[in-house]
Amino acid sequence: MARDKGFTKSKNPDGKRYKRDMARHLDGRALKCVTERKDGVEEIVGKAGAIVLKGDELIVFSGGDILIRVNIYDLQAWELMSLDGVVLTVPDAESEDGTRTVTAYYSYYRKLD
């Protein structure tokens with residue numbers, strides 16, 4: 001099955017429709033690993049996981065733990081140019097700047113059904 005590059009008709013990455021369509025696009029992706037950049041060093045925070053959409057929440061599981069649970073309308077997400085993964089920026093009250101950015105690398109290029 002060919003990958004649909006135009007997964008959404010909305011062009012505004014801050015719009016609700018774009019965020020909802022992106023969350024649906026990411027739903028069911030198997031992950032190889034998840035990394036997070038802290039103080040200029042990229043660290044692996046989890047291996048083997050998935051991205052799951054439950055209602056209006058996007059959940060990133062990795063290593064048997066929930067790394068991210070966020071309302072899809074608070075999510076900022078964009079795929080890597082190589083389509084090997086996705087960068088997720090989510091609100092995080094515990095971080096210095098109030099956000100957390102992780103990169104989730106897909107284990108497969110296509111969704112698992």
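**View 1. Asp84 sits in the loop that links strand 5 (76-79) to strand 6 (85-91).** Strands here are DSSP runs of E with at least two residues, and helices are H or I runs of at least four, both numbered from the N terminus. This is a predicted model, so local features need pLDDT of at least 70 and side-chain atom pairs count only at pLDDT 80 or more, while totals for chains, interfaces and linings use all residues. Residues are numbered from 1 along each chain as its sequence is written, and side-chain values use heavy atoms, with hydrogens and water left out. Asp84 comes out as partly exposed because its relative accessibility is 27%. For that scale, buried is under 20% relative accessible area, exposed is over 50%, and partly exposed is in between (1.4 Å probe, protein chains only). Look for Tyr106 too: its C-alpha atom is 5.6 Å from that of Asp84, though the two are 22 residues apart along the chain.

**View 2. Thr103 belongs to strand 7 (residues 99-106).** With 13% relative accessibility, Thr103 counts as buried. Setting aside residues up to four places away in sequence, Thr103 touches Cys33, Val34, Thr35, Glu42, Leu80, Val86 and Val87; contact means heavy atoms within 4.5 Å.

**View 3. Seven strands make an open, antiparallel sheet in the order 4-3-2-1-7-6-5.** Two strands pair if DSSP finds at least two bridges between them. Strand 4 and strand 5 are the edges: each has a single partner strand, so one side of each has no neighbour in the sheet. From one strand to the next, the twist averages 30°. Strand 2 and strand 3 are joined by six bridges in the antiparallel sense, and Leu53 has Leu58 in strand 3 as its bridge partner. Helix 1 packs on this sheet, with strand 1, strand 2 and strand 3 among the strands it touches, and its direction makes about 55° with that of strand 5. Axes are lines fitted to C-alpha atoms, for helices over the stretch in contact, with angles from 0 to 180 degrees between N-to-C directions.

**View 4. The largest nonpolar core has 22 residues.** Such a core is a set of buried Ala, Val, Leu, Ile, Met, Phe, Trp, Tyr and Cys residues joined through side-chain atoms within 4.5 Å. Leu26, Ile51, Leu58, Ile68, Val86 and Leu88 touch the most other members. Helix 1 gives the most to this core, with four residues. Zoom in on Ile51: beyond its neighbours within four places in sequence, its contacts include Leu26, Leu31, Leu58, Val86 and Ala104.
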